[in-house]
Amino acid sequence: MTNAGGDLAARLMGDMDPELLDFLKTKVNSFVKWDLVRFFYENPNSTDTADNVARYVGRDVSAIEVELGELVGTGVLERSRVGDLWVYSLVSDAETRKRVDQFILACDDRQFRVKAIYHIIRGMR
Amino acid sequence: MSERVKTGIAGLDEMLGGGFLSETANLVEGAPGTGKSTLGMQFIVNGIQRYDEPGIILTFEEFPAQYYRDAETFGWPFRALETAGKLRVIMTSPEVSRADLERVGGRIESHVREIGARRILVDSLSHFERITRDPIELRGVVYSFVNALKREGLTSLLTRESPALIGEGDLSDEDVAFIMDSFLMLRYVEIDSAVRKALLVLKVRGSGHAKDIRQFEITGNGIEVRSKFEGREGILSGSPHRMAESFVEAFVRR
(Lines give C-alpha, C1' and ligand atoms only; values in the text may rest on other atoms or scores of the structure.)
Protein backbone atom coordinates (compact mmCIF):
# COMPACT_ATOMS: atom_id res chain seq x y z
CA MET A 1 0.00 0.00 0.00
CA THR A 2 1.39 3.40 -0.97
CA ASN A 3 1.42 6.39 1.28
CA ALA A 4 0.00 9.08 -1.06
CA GLY A 5 0.02 11.76 1.64
CA GLY A 6 3.64 11.04 2.44
CA ASP A 7 4.64 11.22 -1.23
CA LEU A 8 2.88 14.55 -1.65
CA ALA A 9 4.58 15.92 1.44
CA ALA A 10 7.96 14.74 0.20
CA ARG A 11 7.34 16.34 -3.21
CA LEU A 12 6.25 19.61 -1.64
CA MET A 13 9.20 19.63 0.75
CA GLY A 14 11.54 18.72 -2.04
CA ASP A 15 11.12 21.63 -4.40
CA MET A 16 10.85 24.50 -1.94
CA ASP A 17 13.80 26.75 -1.23
CA PRO A 18 15.29 25.17 1.93
CA GLU A 19 15.78 28.54 3.61
CA LEU A 20 12.22 29.62 2.95
CA LEU A 21 10.97 26.22 4.04
CA ASP A 22 12.89 26.55 7.28
CA PHE A 23 11.53 30.11 7.75
CA LEU A 24 8.02 28.80 7.18
CA LYS A 25 8.36 25.79 9.46
CA THR A 26 10.13 27.50 12.33
CA LYS A 27 8.79 31.04 12.25
CA VAL A 28 5.65 31.55 10.14
CA ASN A 29 3.98 28.34 11.18
CA SER A 30 0.41 29.63 11.49
CA PHE A 31 -1.95 31.71 9.39
CA VAL A 32 -2.08 34.45 12.03
CA LYS A 33 1.73 34.70 11.96
CA TRP A 34 1.57 34.85 8.17
CA ASP A 35 -0.82 37.84 8.46
CA LEU A 36 1.42 39.49 11.02
CA VAL A 37 4.59 38.98 8.99
CA ARG A 38 2.83 40.41 5.95
CA PHE A 39 1.68 43.40 7.99
CA PHE A 40 5.20 44.17 9.19
CA TYR A 41 6.60 43.59 5.69
CA GLU A 42 4.17 46.19 4.33
CA ASN A 43 4.74 48.50 7.29
CA PRO A 44 8.41 47.99 8.16
CA ASN A 45 8.61 51.19 10.21
CA SER A 46 5.57 50.42 12.34
CA THR A 47 5.90 50.20 16.07
CA ASP A 48 2.71 49.62 17.95
CA THR A 49 0.87 47.87 20.74
CA ALA A 50 -0.75 44.46 20.34
CA ASP A 51 -4.16 46.13 20.50
CA ASN A 52 -3.36 48.44 17.61
CA VAL A 53 -1.63 45.76 15.53
CA ALA A 54 -4.77 43.66 16.00
CA ARG A 55 -6.88 46.53 14.66
CA TYR A 56 -4.57 46.97 11.68
CA VAL A 57 -4.80 43.30 10.69
CA GLY A 58 -8.50 43.11 11.45
CA ARG A 59 -8.36 40.57 14.27
CA ASP A 60 -9.09 40.50 17.95
CA VAL A 61 -6.08 41.08 20.18
CA SER A 62 -6.65 37.75 21.91
CA ALA A 63 -6.14 36.06 18.53
CA ILE A 64 -2.74 37.62 17.90
CA GLU A 65 -1.10 38.20 21.27
CA VAL A 66 0.38 34.72 21.62
CA GLU A 67 1.51 34.71 17.98
CA LEU A 68 3.18 38.10 18.37
CA GLY A 69 5.03 36.69 21.37
CA GLU A 70 6.15 33.66 19.36
CA LEU A 71 7.40 35.85 16.52
CA VAL A 72 9.41 37.74 19.13
CA GLY A 73 10.72 34.40 20.43
CA THR A 74 11.87 33.34 16.97
CA GLY A 75 13.58 36.67 16.28
CA VAL A 76 11.25 38.04 13.61
CA LEU A 77 9.79 40.79 15.78
CA GLU A 78 11.07 42.65 18.76
CA ARG A 79 9.11 43.76 21.78
CA SER A 80 10.09 46.84 23.74
CA ARG A 81 8.78 49.10 26.45
CA VAL A 82 7.77 52.63 25.43
CA GLY A 83 6.57 54.55 28.47
CA ASP A 84 4.01 52.25 30.02
CA LEU A 85 3.24 50.50 26.71
CA TRP A 86 4.62 47.26 25.27
CA VAL A 87 5.15 47.69 21.55
CA TYR A 88 6.09 45.40 18.67
CA SER A 89 8.17 46.08 15.59
CA LEU A 90 10.09 44.22 12.94
CA VAL A 91 13.67 43.46 14.03
CA SER A 92 16.26 45.71 12.43
CA ASP A 93 18.55 42.76 11.62
CA ALA A 94 19.13 42.93 7.85
CA GLU A 95 19.28 39.15 7.38
CA THR A 96 15.88 38.60 9.00
CA ARG A 97 14.33 41.47 7.06
CA LYS A 98 15.71 39.98 3.86
CA ARG A 99 14.16 36.61 4.71
CA VAL A 100 10.80 38.29 5.44
CA ASP A 101 11.01 40.10 2.09
CA GLN A 102 11.86 36.83 0.29
CA PHE A 103 8.99 35.00 1.95
CA ILE A 104 6.35 37.61 1.16
CA LEU A 105 7.58 38.08 -2.41
CA ALA A 106 7.57 34.32 -2.90
CA CYS A 107 3.93 34.36 -1.79
CA ASP A 108 3.10 36.23 -5.01
CA ASP A 109 3.48 32.86 -6.70
CA ARG A 110 0.36 30.72 -6.37
CA GLN A 111 2.31 27.46 -6.34
CA PHE A 112 4.41 28.72 -3.45
CA ARG A 113 1.29 29.79 -1.53
CA VAL A 114 -0.31 26.39 -2.01
CA LYS A 115 2.80 24.70 -0.67
CA ALA A 116 3.08 27.13 2.23
CA ILE A 117 -0.56 26.53 3.17
CA TYR A 118 0.04 22.78 3.02
CA HIS A 119 3.02 23.05 5.35
CA ILE A 120 1.18 25.23 7.82
CA ILE A 121 -1.82 22.89 7.96
CA ARG A 122 0.49 19.91 8.28
CA GLY A 123 2.36 21.63 11.10
CA MET A 124 -0.89 22.36 12.94
CA ARG A 125 -1.85 18.68 13.17
CA MET B 1 14.95 87.48 8.24
CA SER B 2 13.87 84.11 9.69
CA GLU B 3 14.65 80.98 7.72
CA ARG B 4 11.69 79.84 5.64
CA VAL B 5 10.71 76.28 4.90
CA LYS B 6 9.05 76.43 1.53
CA THR B 7 6.13 74.18 0.76
CA GLY B 8 6.98 74.47 -2.93
CA ILE B 9 3.28 74.90 -3.65
CA ALA B 10 2.75 77.73 -6.08
CA GLY B 11 0.78 80.49 -4.43
CA LEU B 12 0.86 79.04 -0.93
CA ASP B 13 4.40 80.13 -0.05
CA GLU B 14 3.50 83.62 -1.14
CA MET B 15 0.42 83.52 1.14
CA LEU B 16 2.64 82.39 4.02
CA GLY B 17 5.09 85.25 3.54
CA GLY B 18 7.71 82.95 1.98
CA GLY B 19 6.92 79.59 3.58
CA PHE B 20 6.59 78.15 7.07
CA LEU B 21 9.04 79.33 9.68
CA SER B 22 11.71 76.74 10.37
CA GLU B 23 11.09 74.23 13.19
CA THR B 24 7.49 75.25 13.70
CA ALA B 25 4.23 73.34 13.99
CA ASN B 26 1.70 74.13 11.29
CA LEU B 27 -1.90 73.00 11.33
CA VAL B 28 -3.95 72.35 8.20
CA GLU B 29 -7.62 71.83 8.94
CA GLY B 30 -10.33 70.82 6.54
CA ALA B 31 -13.27 68.54 5.86
CA PRO B 32 -12.67 65.08 4.38
CA GLY B 33 -11.54 65.31 0.76
CA THR B 34 -10.49 68.96 0.86
CA GLY B 35 -6.85 68.00 0.25
CA LYS B 36 -5.15 68.07 3.65
CA SER B 37 -3.14 64.89 3.11
CA THR B 38 -2.32 65.89 -0.47
CA LEU B 39 -1.02 69.23 0.74
CA GLY B 40 1.00 67.41 3.41
CA MET B 41 2.45 64.89 0.95
CA GLN B 42 3.35 67.73 -1.41
CA PHE B 43 5.11 69.53 1.44
CA ILE B 44 7.15 66.38 2.06
CA VAL B 45 7.94 65.47 -1.56
CA ASN B 46 8.87 69.04 -2.51
CA GLY B 47 11.09 69.16 0.55
CA ILE B 48 12.97 66.10 -0.65
CA GLN B 49 13.09 66.80 -4.37
CA ARG B 50 13.47 70.58 -4.49
CA TYR B 51 15.11 71.55 -1.21
CA ASP B 52 17.05 68.41 -0.25
CA GLU B 53 15.20 68.11 3.05
CA PRO B 54 14.30 64.48 3.85
CA GLY B 55 10.94 63.91 5.45
CA ILE B 56 8.82 61.60 7.55
CA ILE B 57 5.14 60.81 7.24
CA LEU B 58 3.61 59.74 10.53
CA THR B 59 0.24 58.20 9.86
CA PHE B 60 -2.31 57.15 12.43
CA GLU B 61 -4.88 55.65 10.11
CA GLU B 62 -3.92 55.16 6.48
CA PHE B 63 -1.56 52.33 5.64
CA PRO B 64 1.70 53.34 3.95
CA ALA B 65 0.53 51.51 0.82
CA GLN B 66 -2.31 54.04 0.55
CA TYR B 67 0.18 56.92 0.56
CA TYR B 68 2.31 55.19 -2.07
CA ARG B 69 -0.76 54.78 -4.28
CA ASP B 70 -2.01 58.33 -3.73
CA ALA B 71 1.45 59.78 -4.31
CA GLU B 72 1.82 57.80 -7.51
CA THR B 73 -1.25 59.49 -9.00
CA PHE B 74 0.64 62.78 -8.72
CA GLY B 75 3.88 61.30 -10.02
CA TRP B 76 5.58 61.42 -6.62
CA PRO B 77 7.84 58.36 -6.28
CA PHE B 78 7.41 57.66 -2.58
CA ARG B 79 8.69 54.07 -2.74
CA ALA B 80 11.85 55.13 -4.55
CA LEU B 81 12.39 58.02 -2.15
CA GLU B 82 12.00 55.63 0.78
CA THR B 83 14.49 53.21 -0.78
CA ALA B 84 16.88 56.12 -1.31
CA GLY B 85 16.68 56.92 2.41
CA LYS B 86 15.00 60.29 1.90
CA LEU B 87 11.57 59.37 3.21
CA ARG B 88 10.07 57.20 5.93
CA VAL B 89 6.37 56.42 6.10
CA ILE B 90 5.58 55.27 9.61
CA MET B 91 2.24 53.92 10.66
CA THR B 92 1.74 53.98 14.39
CA SER B 93 -0.71 55.30 16.95
CA PRO B 94 -0.86 58.64 18.78
CA GLU B 95 -0.29 57.01 22.18
CA VAL B 96 2.82 55.14 21.02
CA SER B 97 4.32 58.06 19.10
CA ARG B 98 3.71 60.35 22.06
CA ALA B 99 5.38 57.94 24.51
CA ASP B 100 8.17 57.26 22.00
CA LEU B 101 9.01 60.94 21.58
CA GLU B 102 9.03 61.47 25.35
CA ARG B 103 11.87 59.01 25.90
CA VAL B 104 15.51 59.46 24.94
CA GLY B 105 16.61 57.52 21.88
CA GLY B 106 13.13 56.57 20.75
CA ARG B 107 12.29 55.12 17.35
CA ILE B 108 11.03 58.35 15.81
CA GLU B 109 14.22 60.06 16.97
CA SER B 110 16.19 57.24 15.30
CA HIS B 111 14.26 57.65 12.04
CA VAL B 112 14.96 61.40 12.09
CA ARG B 113 18.68 60.86 12.63
CA GLU B 114 19.01 58.01 10.14
CA ILE B 115 17.65 59.96 7.18
CA GLY B 116 18.45 63.47 8.42
CA ALA B 117 14.77 64.41 8.35
CA ARG B 118 13.88 68.08 8.39
CA ARG B 119 10.15 67.84 7.74
CA ILE B 120 7.32 65.74 9.08
CA LEU B 121 3.69 65.25 8.12
CA VAL B 122 1.47 64.11 10.99
CA ASP B 123 -1.76 62.74 9.53
CA SER B 124 -3.88 63.32 11.46
CA LEU B 125 -3.95 65.16 14.75
CA SER B 126 -7.63 64.28 15.11
CA HIS B 127 -6.56 60.82 16.30
CA PHE B 128 -5.08 62.31 19.46
CA GLU B 129 -8.66 62.50 20.67
CA ARG B 130 -8.28 58.75 21.26
CA ILE B 131 -5.93 59.61 24.12
CA THR B 132 -8.33 61.97 25.84
CA ARG B 133 -11.61 63.74 25.13
CA ASP B 134 -10.83 66.39 27.73
CA PRO B 135 -9.90 69.49 25.67
CA ILE B 136 -7.57 70.88 28.33
CA GLU B 137 -5.67 67.61 28.68
CA LEU B 138 -5.65 67.19 24.88
CA ARG B 139 -4.11 70.60 24.44
CA GLY B 140 -1.38 69.63 26.92
CA VAL B 141 -0.71 66.34 25.12
CA VAL B 142 -0.50 68.01 21.70
CA TYR B 143 1.64 70.84 23.11
CA SER B 144 4.16 68.31 24.40
CA PHE B 145 4.03 66.36 21.12
CA VAL B 146 4.71 69.36 18.85
CA ASN B 147 7.48 70.57 21.16
CA ALA B 148 9.15 67.16 20.81
CA LEU B 149 8.97 67.51 17.01
CA LYS B 150 10.58 70.96 17.26
CA ARG B 151 13.24 69.54 19.59
CA GLU B 152 14.13 67.11 16.80
CA GLY B 153 14.61 70.06 14.44
CA LEU B 154 11.55 69.24 12.38
CA THR B 155 9.20 71.61 10.65
CA SER B 156 5.88 69.88 10.99
CA LEU B 157 2.66 69.98 9.07
CA LEU B 158 -0.18 68.49 11.07
CA THR B 159 -3.58 67.79 9.57
CA ARG B 160 -6.89 67.87 11.39
CA GLU B 161 -10.35 66.97 10.23
CA SER B 162 -12.95 69.66 10.41
CA PRO B 163 -16.30 68.45 11.70
CA ALA B 164 -18.14 70.78 9.33
CA LEU B 165 -18.32 69.61 5.72
CA ILE B 166 -19.17 73.08 4.56
CA GLY B 167 -19.03 76.37 6.39
CA GLU B 168 -17.21 77.42 9.51
CA GLY B 169 -16.34 75.28 12.50
CA ASP B 170 -16.07 76.59 16.05
CA LEU B 171 -12.84 76.91 18.00
CA SER B 172 -13.06 76.54 21.75
CA ASP B 173 -10.71 78.45 24.05
CA GLU B 174 -8.77 75.22 24.53
CA ASP B 175 -8.48 74.36 20.86
CA VAL B 176 -5.07 73.01 19.84
CA ALA B 177 -5.02 75.56 16.99
CA PHE B 178 -3.91 78.13 19.55
CA ILE B 179 -0.65 76.31 20.25
CA MET B 180 0.25 76.02 16.56
CA ASP B 181 2.59 78.43 14.84
CA SER B 182 0.43 78.66 11.78
CA PHE B 183 -3.11 77.67 10.97
CA LEU B 184 -4.42 76.99 7.46
CA MET B 185 -8.04 76.24 6.71
CA LEU B 186 -9.28 74.34 3.67
CA ARG B 187 -12.96 74.73 2.94
CA TYR B 188 -15.60 73.61 0.49
CA VAL B 189 -17.47 76.52 -0.99
CA GLU B 190 -20.66 76.33 -3.01
CA ILE B 191 -20.78 78.80 -5.88
CA ASP B 192 -23.30 78.70 -8.71
CA SER B 193 -24.33 75.14 -7.83
CA ALA B 194 -20.75 73.90 -7.97
CA VAL B 195 -18.42 72.99 -5.13
CA ARG B 196 -15.06 74.72 -5.12
CA LYS B 197 -12.28 74.72 -2.62
CA ALA B 198 -11.00 77.65 -0.64
CA LEU B 199 -7.80 78.14 1.34
CA LEU B 200 -7.23 80.67 4.07
CA VAL B 201 -4.11 81.32 6.12
CA LEU B 202 -5.63 82.20 9.45
CA LYS B 203 -2.40 82.89 11.29
CA VAL B 204 1.36 82.72 10.98
CA ARG B 205 2.97 83.46 14.30
CA GLY B 206 5.74 86.03 14.04
CA SER B 207 5.18 86.82 10.38
CA GLY B 208 2.92 88.64 8.01
CA HIS B 209 0.71 86.58 5.72
CA ALA B 210 -1.99 86.94 3.10
CA LYS B 211 -5.40 87.66 4.56
CA ASP B 212 -7.46 86.89 1.50
CA ILE B 213 -9.29 83.65 0.75
CA ARG B 214 -7.89 81.89 -2.30
CA GLN B 215 -9.35 79.28 -4.58
CA PHE B 216 -7.32 76.15 -5.04
CA GLU B 217 -7.54 72.99 -7.10
CA ILE B 218 -6.10 69.54 -6.83
CA THR B 219 -4.59 68.90 -10.25
CA GLY B 220 -2.48 66.07 -11.60
CA ASN B 221 0.54 67.85 -10.14
CA GLY B 222 -0.94 68.32 -6.67
CA ILE B 223 -2.41 71.42 -5.11
CA GLU B 224 -2.38 74.64 -7.09
CA VAL B 225 -3.44 77.83 -5.37
CA ARG B 226 -5.29 80.20 -7.64
CA SER B 227 -6.68 83.70 -7.38
CA LYS B 228 -8.81 84.99 -4.56
CA PHE B 229 -12.58 84.92 -4.74
CA GLU B 230 -13.50 88.18 -6.43
CA GLY B 231 -16.75 89.96 -5.82
CA ARG B 232 -18.04 87.47 -3.25
CA GLU B 233 -18.42 87.62 0.47
CA GLY B 234 -19.31 85.10 3.13
CA ILE B 235 -16.87 82.58 1.62
CA LEU B 236 -16.23 80.79 4.90
CA SER B 237 -19.92 80.27 5.45
CA GLY B 238 -19.68 77.81 2.57
CA SER B 239 -22.40 79.61 0.62
CA PRO B 240 -20.97 82.95 -0.46
CA HIS B 241 -23.07 85.56 -2.14
CA ARG B 242 -22.22 88.29 -4.56
CA MET B 243 -21.24 91.60 -3.11
CA ALA B 244 -23.53 94.42 -4.06
CA GLU B 245 -22.31 95.74 -7.41
CA SER B 246 -22.05 99.23 -6.02
CA PHE B 247 -19.80 97.94 -3.19
CA VAL B 248 -17.63 96.05 -5.66
CA GLU B 249 -17.30 99.15 -7.82
CA ALA B 250 -16.47 101.32 -4.85
CA PHE B 251 -14.02 99.13 -2.94
CA VAL B 252 -12.99 95.99 -4.75
CA ARG B 253 -12.24 97.16 -8.28
CA ARG B 254 -10.50 100.33 -7.20
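This is a predicted model: local features need pLDDT of at least 70, side-chain atom pairs count only at pLDDT 80 or more; totals for chains, interfaces and linings use all residues.
Chain B has eight helices and 13 strands. Chain B has 254 residues, and 56% of them count as buried. Then the contacts. Take those in chain B with a separation of 6 or more: residues 24 or more positions apart account for 67% of them.

Look at the loop between helix H2 (36-51) and strand E4 (55-59) of chain B, where you will find B:Glu53. Is B:Glu53 buried or exposed? The relative accessible area of B:Glu53 is 10%. The cut-off for buried is under 20%, so B:Glu53 is buried. What is B:Glu53 in contact with, once its neighbours within four places in sequence are left aside? The list is B:Val5, B:Gly47, B:Ile48, B:Arg118 and B:Arg119. As for distance, B:Glu53 and B:Leu39 are 14 residues apart along the chain, and their C-alpha atoms are separated by 16 Å.

Next, B:Gly75. This residue lies in the loop between helix H3 (64-73) and helix H4 (78-83) of chain B. With a relative accessible area of 56%, B:Gly75 is exposed, because exposed means over 50%. From B:Gly75 to B:Asp52 there are 23 residues in sequence and 18 Å in space, C-alpha to C-alpha.

Further along, find the loop between strand E8 (182-191) and strand E9 (194-204) of chain B. B:Asp192 is placed there, and B:Ser193 is found in that loop too. Please look at the backbone here. B:Asp192 is not a glycine, yet it has a positive phi of about 50°. B:Ser193 is not a glycine either, and its phi is positive as well, about 65°.

One more backbone detail in chain B. Which peptide bond is cis, with omega near 10°? The bond runs from B:Asp123 to B:Ser124. B:Ser124 lies in the loop between strand E6 (119-123) and helix H7 (135-151) of chain B.

Chain A contains seven helices and three strands. Going along the sequence, the pattern reads α-α-α-β-α-α-β-β-α-α. There are 125 residues in chain A, and buried residues make up 43% of them. The accessible surface comes to about 6,700 Å², with 51% belonging to carbon and sulfur atoms. For contacts in chain A between residues at least 6 apart in sequence, 62% join residues at least 24 apart.

In chain A I want to show you one helix and two of its partners. The helix is H3, residues 31-42 of chain A.

Which residues meet? From H3(A) there are A:Asp35, A:Leu36, A:Phe39 and A:Phe40, and from H4(A) there are A:Val53, A:Tyr56 and A:Val57. Sorted by class, this contact has six nonpolar residues, no polar ones and one charged residue.

The other partner is helix H5, residues 61-73 of chain A. The axes of H3(A) and H5(A) come within 9 Å, and the crossing angle is roughly 70°. That makes H3(A) roughly perpendicular to H5(A). The crossing of this pair is right-handed. On the H3(A) side the contact is made by A:Val32, A:Lys33, A:Leu36, A:Val37 and A:Phe40. On the H5(A) side it is made by A:Ala63, A:Ile64, A:Glu67, A:Leu68, A:Glu70 and A:Leu71. By class, there are eight nonpolar residues, no polar ones and three charged ones in this contact.

If you compare the two lists, A:Leu36 and A:Phe40 of H3(A) turn up in the contact with H4(A) and again in the contact with H5(A).

That is where I will stop.

How values were computed:
Residues are numbered from 1 along each chain as its sequence is written. Chains are lettered from A and ligands numbered from 1 in the order in which they are written. Side-chain values use heavy atoms; hydrogens and water are left out. Axes are lines fitted to C-alpha atoms, for helices over the stretch in contact, and angles run from 0 to 180 degrees between N-to-C directions. Helices (H or I, at least four residues) and strands (E, at least two) are DSSP runs, numbered from the N terminus. Angles under 35 degrees count as roughly parallel, over 145 as roughly antiparallel, 65 to 115 as roughly perpendicular and the rest as oblique. A crossing is left-handed if the near helix is turned anticlockwise from the far one by less than a right angle, and right-handed if clockwise. Contact means heavy atoms within 4.5 Å. Ala, Val, Leu, Ile, Met, Phe, Trp, Tyr, Cys and Pro count as nonpolar, Asp, Glu, Lys and Arg as charged, and the others, Gly among them, as polar. Buried means under 20% relative accessible area, exposed over 50%, partly exposed in between (1.4 Å probe, protein chains only). Accessible areas come from the Shrake-Rupley method with a 1.4 Å probe; for residues, only the protein chains shown count as cover.
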